[in-house]
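Dear colleague,

Please find below the structure that I am handing over to you, together with its sequence. My findings follow directly after it.

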Amino acid sequence: ELCYAGVTRGMRSALGLLAVRRACCLSRTTHNSPQTLEYKPIKKVMVANRGEIAIRVFRACTELGIRTVAVYSEQDTGQMHRQKADEAYLIGKGLPPVAAYLDIPDIIKVAKENDVDAIHPGYGFLSERSDFAQACVDAGVRFIGPSPDVVRMMGDKVEARSIAIRAGVPVVPGTDGPITCLSEAQEFSNTYGFPIIFKAAYGGGGRGMRVVKEYEELEENYQRAYSEALAAFGNGALFVEKFIERPRHIEVQILGDKYGNVIHLYERDCSIQRRHQKVVEIAPAVQLDPHLRDRLTADSVNLARQVGYENAGTVEFLVDKHGRHYFIEVNSRLQVEHTVTEQVTDVDLVHAQLRVCEGRSLPELGLKQDKIRINGFAIQCRVTTEDPARGFQPDTGRLEVFRSGEGMGIRLDSASAFQGAVISPHYDSLLVKVIASGKDLPAAAAKMNRALAEFRVRGVKTNIPFLQNVLSNDQFLYGTVDTQFIDENQELFNLKPVQNRAQKLLHYLGHVMVNGPTTPIPVKAKPSSIDPVIPPVPLGEPPVGFRDVLLREGPEGFAKAVRAHKGLLLMDTTFRDAHQSLLATRVRTHDLKQIAPFVAHNFNNLFSVENWGGATFDVAMRFLCECPWKRLQELRALLPNVPFQMLLRGANAVGYTNYPDNAVFKFCEVAKENGMDIFRVFDSLNYLPNLMLGMEAAGTAGGVVEASISYTGDGGSEPNPLMWFISTTYMFYLYCAIYTFFLLDMAGLLKPESSRMLIGALRDRFPDMPIHVHTHDTAGAGVAAMLACAEAGADIVDVAVDSMAGMTSQPSMGAIVACTKGTNLSTGISLENVYDYSEYWEVARGLYAPFDCTATMKSGNADVYENEIPGGQYTNLHFQAHSMGLGHKFKEVKKSYTEANKLLGDLIKVTPSSKIVGDLAQFMVQNSLTRAEVEERADELSFPLSVVEFLQGHIGIPHGGFPEPFRSKVLKNMPRVEGRPGASLPAMDFQALEKQLRETHGNDITPEDVMSAAMYPKVFQEFKEFTHQFGPVDCLNTRLFLDGPKIAEEFEVELERGKTLHIKALALGDLNKAGQREVFFELNGALRSVLVKDTVAMKEMHFHPKALKDVRGQVGAPMPGKVVEVKVKQGQAVEKGQPLCVLSAMKMETVVNSPLSGTVVKIYVNADSSLEGDDLILEITE
C-alpha cells in the first residue's frame, strides 16, 4: 500500500507539472478561440430519449428559440414527451421497447429526414455510446456532448481508470482492463481479497453492478452482472475493483467548452442508494471538509483537461471514512441529478450544453470559475412507481389520480405523470423528480417533505412514504450518510399507509353503480330517497345518567341504585335487537350516530341502551363492511351518560362456535376497555358450564354481569319451569358475581299470567337483586306481558322506540311510557321526546326497505306459540329463505322449523341453537324432506355444517341430552366433544395471531382487530380485503351505500371533521373487452374515473352446467351459495359420505358429501365460485 501510494504521489507530481503547462497552452488558445472556431447556431434539436429528460431538454430549447423533435417507440405513443416537442416521429418499429431507443440507424435516419442540426442523448440508452456520437458526426449532425473519442474513453471504465492514474487522481485497486471470464475475477479476488465489486465497462446507473462479499457468491454474481450489462448496454464486459466499505458517494459536476476551458460547479452527495441506484441527491455535500472539496474539484478539472473534455459531465468519487477519495468513473453526459447543481449555482446546465455545442466559450456565457458560487442547499427525490414494502418492486397500471406538490422552493421535472397515464413495465419507473431548495439542509428537507405530502398518486404504488421517512431521519438531517444508510436504517421501511380514501370510495360507488349492492338484498325494494331529520339537540354536556352512577360506585353500587329506583326502568333495544328483529341486523353505524346525541340529552334516565354484541358483531363486518369496535367507540363518545349493554353468548362470546377460555376472557376485557358496561350473558341451551364461563369472563373484565336464563314457554323443556328458574338463579347468586338477573324471552312466549307468576316468585326469593325482562312482540302480547312483569316486581323491561317496535321486535316504548304515566311505575320519560325519537326512526327505516320484514310480513302472528321461532331469527330466517329462493315457501319453512326442532330434541332456541334449527328447516324445505325422511336417510344426507357440529357437541349439551338414534346416524364415526367444549381447546396465542395479521395486513393492526380475527377469522380477512379495496364506506349515507348515486346526482361525503368530499356522478361507460366499465365522477371539481369489472356481464357470458338428477355420479349444489373449499382433487378416490366441498349461503355453511364411492373424474368449481341450486360441482364414477 505504501509503494502504491508513493507511486501515485510521484506520478501525480510529475503529471501535475504537465497539467500546468497544458493549462497555460490552453489558456492562450482560449484567448484567441472566438476568431479560430466558427459559431454555428442550432435551429432544431432532437432528443434521442424519452420521458423526463426529453421534456427537460425540450423546455431549454424552447427558451432559446430552438425547434424540438421527439422520437418514440410503439409502446410510448401515449407518453408526454411526444406531445411536448414541436415534432415527433416513431422509431424502432417492430422492435422491443428498449431496443427501439437503441436503434442508431433509425434515429439518424429520422434526424436527417427532418433537418435536425443536433441530437441530445439525455441519459441512459445511447448517451454514453461512442458509436452513436460518431454516427451523429458522420451524418453531419452535431452530438450535444463530448467528442466521440472522449465518450469512448470515459465510457470504457478501464481506460478511464488509466487516464485518472495518468492525471494523478487516486483510484481504487482494480483490473487494468475488462475481464473476459470468471477465472480472471477469481484471480483478482485471490490477490486483493473480498469484498469486490463488478461494474459494467460500458454503462452506469447501477446496472451490471454487483458486490461480492465471499467466494461462494462469486460465480452467481458474475453471471448476473454480465447479463445485466449485456441487456442494458449491449455489451456484457465487466471490470473488477476492490470494494470500499461504507463510503460516501461524491460526484463533481464539470463543464468544458471547445477551447479547453473547464470549470466545476461543485459537488453533489449521492450516498443514499439502493442496490447502487441513487434515491436522494444533495448539493452541496453536507459536512464535507473544505480541503477535501478542493482536492475533489481540482482532480475533476485536471482529469477533464487531460482528455480535452467538452460539454457537461460528472466525475464520481468514493470517499472513505478517513477522508481519502478514490476516482470511480466519469459520466460523459448529463446526470439525472443535475438539477440540484442548477438550483445551488443558478447555472442552467442544458442551456450551457446547447450553447457550447453551438461554439460558444464558457467565458462568453459568463461561466468563469471565480463567478461560480454555492447558494444554500438543494435535495432531489426521485419519485418512482416502486413499492418499498416489496423490495421496491416496480408497479404498473393506470394513474387514476395525479396531483403534485408545488410552492416556494419546489421544482418538478416530470415525465408522463398525469391522470389517465399508463405506467408501462417496459421502462424506468421514474414518475417525477422533485427538487427542493432552502438556506440549509433541514430547510430544504422541510420543503421537500411538505411537497411530497401534497402529492396524490392513485392507481399505482410509489416510493413517497419511503422518501418521507428518509427526509425525517435525524442522521440524514444533521449528520452524514454513507452508501449503507438505507441498509442500516430498516426503520425507513416502517411505511405510513397511504389512505387513498376518496379514490377508494369512488371505486366502491362505481362498483355499486355497475354491479348493484355489495350486501345481499333479499327483496326487490329500493332504499327511500328521503333522509331522516335529526331532532334538535341542545349545546353542552348531556345530563347525568345511570352510567355516571356506575362509574362512580362500581357494579355493586350500580345494582343497588337500580333496585332502589322508584318507577320502572327501560332498556332501549332500538340500537340493536330491534333492528336485528325487523331489518335483518342491517342498520349502519352512520344512522345510529346521527340520533345518539338526542338520546343522550333526552333519555338519560334509561337503564341502558342495548347496542352491541350478538349478531351485530359479525354482520357489521360481513354485510355492512364496517368495524364493530369502531361502532362501539363512536357511540360511546356520543352517548357518554347512558350505560351500554351487549349480548354475550356465554362461552360462545359473540360467535356461533366455541372458543378457548382465554379468548372469551380477552374479548370481554377489550369490550370493557372500549366502553361496554353491562354484559348480558346467556347460553343458547341454558347449558350452565358455558353460562358460568361467560359470567366469570365479564366479571373479571369489570363489567356489570347480568345472568340470563332463556325462557322456553309455559311448559318448556323443563319438567317444572318455575322451580328450575328459581334454583338456577340461586346457583348463580351463590357461585357467580352477578348483579342483575335477566329473563330472556327470545321468542315472545311470555304471557301476562306467566309473567306474574314467574317474576313474582323470583322477586320473593331474591328481594335485593334487580330483575330485567326481555321479550319480543311477535304475537302482539308484549306490552301486556311487560306491564305484568313490572307489576310483579321487575325493575327493568326492554322496549324499542315505537316506529321500530312491535311484531318480531320489542314492545313499544311509547305504549309502556304512556301506560305507566301517573302510576308508581312511571318511567319519567317524556312522551314528546319519544315521538321525536320515533319520527327519526320511522324515516330512517325507509332507508332499509330491502331488508324490512314488512315487505312480506304485515302483522304479528300467534303461531309463534307453536313454532317458538325467536323474534331476532324470525326476520333473518325470512330473508334467508328469500335469498335461497324459498320466499314463497316461508309458511312451509315455519312448519319445518317445528319439525326440525323436534328432530333435534326440542331445543331452547336462542342464537346459535335457533340458527341450527333454522338451517335444518330450510335444508328440509329446499330438498322437500319430511321429518320421517330425514330420520330414515340421516346416514346419507349432506346436512348443514351447523347441524353436524351441534350433534358433535360443539356448543354444549342440550337439556335432556342429544336425540338418538338420529345423532349416531348423522355422525357415524365422526369425533364428539364431551363436556364443556371450550374446556378442551388449547389457549389462543394472541401474540402469534397479531404477528400473523401484521404480516398480512400491515402494522396498523389494533387489539380490537386481533379480537375480530379471533372471533371470525375468515370474515375479518374478507373485511380487511374489502376496506383495502374500497376504503371507509361507513362515511357514506345509507342510500349511497346500498344503491349508489344516480347519474348527475351531487352529494357530499364527510371523511372526517373538516374534510368533506363534493362528488357528482357523471356517466357510466360501455363494456370494454376486459369486461370493465369506466365510471366517471367529478370530485371536488376535478374529473375522476374508475374502471369497474362488470360481474353481471361476466356471469352472463358464463354458463355453468347443471347436475342431472338421474345421473348418480353428478353432484350438484344443494342450495345457491359460494364455494368455500374444495376438499378433493381430480382423480382422487372417495368413499360414500366423504366430504367433497363446503358451500356457504348467507351465514349457513353446508358440507356436500359424496353420494357414492368412486373416483372424481372432473371438478367444475373452485374456491369462491358462485353457484345456483343444482349447479354441477363434480362428477364421480363408480
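What share of the contacts in the protein chain with a separation of 6 or more is accounted for by residues 24 or more positions apart? The share is 70%. Please bear in mind throughout that this is a predicted model.

Overall features

The protein chain has 1182 residues, of which 58% count as buried. Its secondary structure comprises 42 helices and 42 strands. Taken along the principal axes, the box filled by the C-alpha atoms is roughly 120 × 75 × 60 Å. The accessible surface comes to about 46700 Å², and carbon and sulfur atoms contribute 51% of it. As to charge, there are 125 positive and 143 negative side chains, and a distance of 4 Å lies between the centres of the two sets.

The sheet β31-β32-β33-β34

Four strands form an open sheet in the order β31-β32-β33-β34, and their pairing is antiparallel. Because β31 (1050-1056) and β34 (1086-1093) each have a single partner strand, they stand at the edges, and one side of each is left without a neighbour in the sheet. On average, neighbouring strands of this sheet are turned by 35 degrees against each other, direction ignored. Helix α18 (residues 501-515) packs on the sheet and touches β31, β32, β33 (1076-1083) and β34. The direction of α18 makes about 55 degrees with that of β34. Between β31 and β32 (residues 1059-1071), which run antiparallel, there are six bridges. Within this pair, E1054 has T1060 of β32 opposite.

Three bridges link β35 with β42 (residues 1176-1181) in the antiparallel sense. Here G1116 is placed opposite L1176 in β42.

Strand β1

In a regular strand, side chains alternate between the two faces of the sheet. Strand β1 (residues 44-47) is covered on both faces: K44 and M46 lie on one side, V45 and V47 on the other, and all are buried. With β2 (residues 67-72), β1 pairs in the parallel sense over four bridges. V47 stands opposite A70 of β2.

Apart from its neighbours within four places in sequence, F682 is in contact with L647, L648, R649, G650, L691, S708, S710, L744, V910 and T911.

A855 belongs to the loop between α30 (831-846) and α31 (864-867). The relative accessibility of A855 is 38%, so this residue counts as partly exposed. A855 and E696 are 159 residues apart along the chain, and their C-alpha atoms are separated by 42 Å.

Yours sincerely

Definitions and conventions:
Residues are numbered from 1 along each chain as its sequence is written. This is a predicted model: local features need pLDDT of at least 70, side-chain atom pairs count only at pLDDT 80 or more; totals for chains, interfaces and linings use all residues. Side-chain values use heavy atoms; hydrogens and water are left out. Two strands pair if DSSP finds at least two bridges between them. Helices (H or I, at least four residues) and strands (E, at least two) are DSSP runs, numbered from the N terminus. Axes are lines fitted to C-alpha atoms, for helices over the stretch in contact, and angles run from 0 to 180 degrees between N-to-C directions. Contact means heavy atoms within 4.5 Å. Buried means under 20% relative accessible area, exposed over 50%, partly exposed in between (1.4 Å probe, protein chains only). Accessible areas come from the Shrake-Rupley method with a 1.4 Å probe; for residues, only the protein chains shown count as cover. Lys and Arg count as positive and Asp and Glu as negative; His and the chain ends are not counted. The place of a charge is taken as NZ of Lys, CZ of Arg, CG of Asp or CD of Glu.
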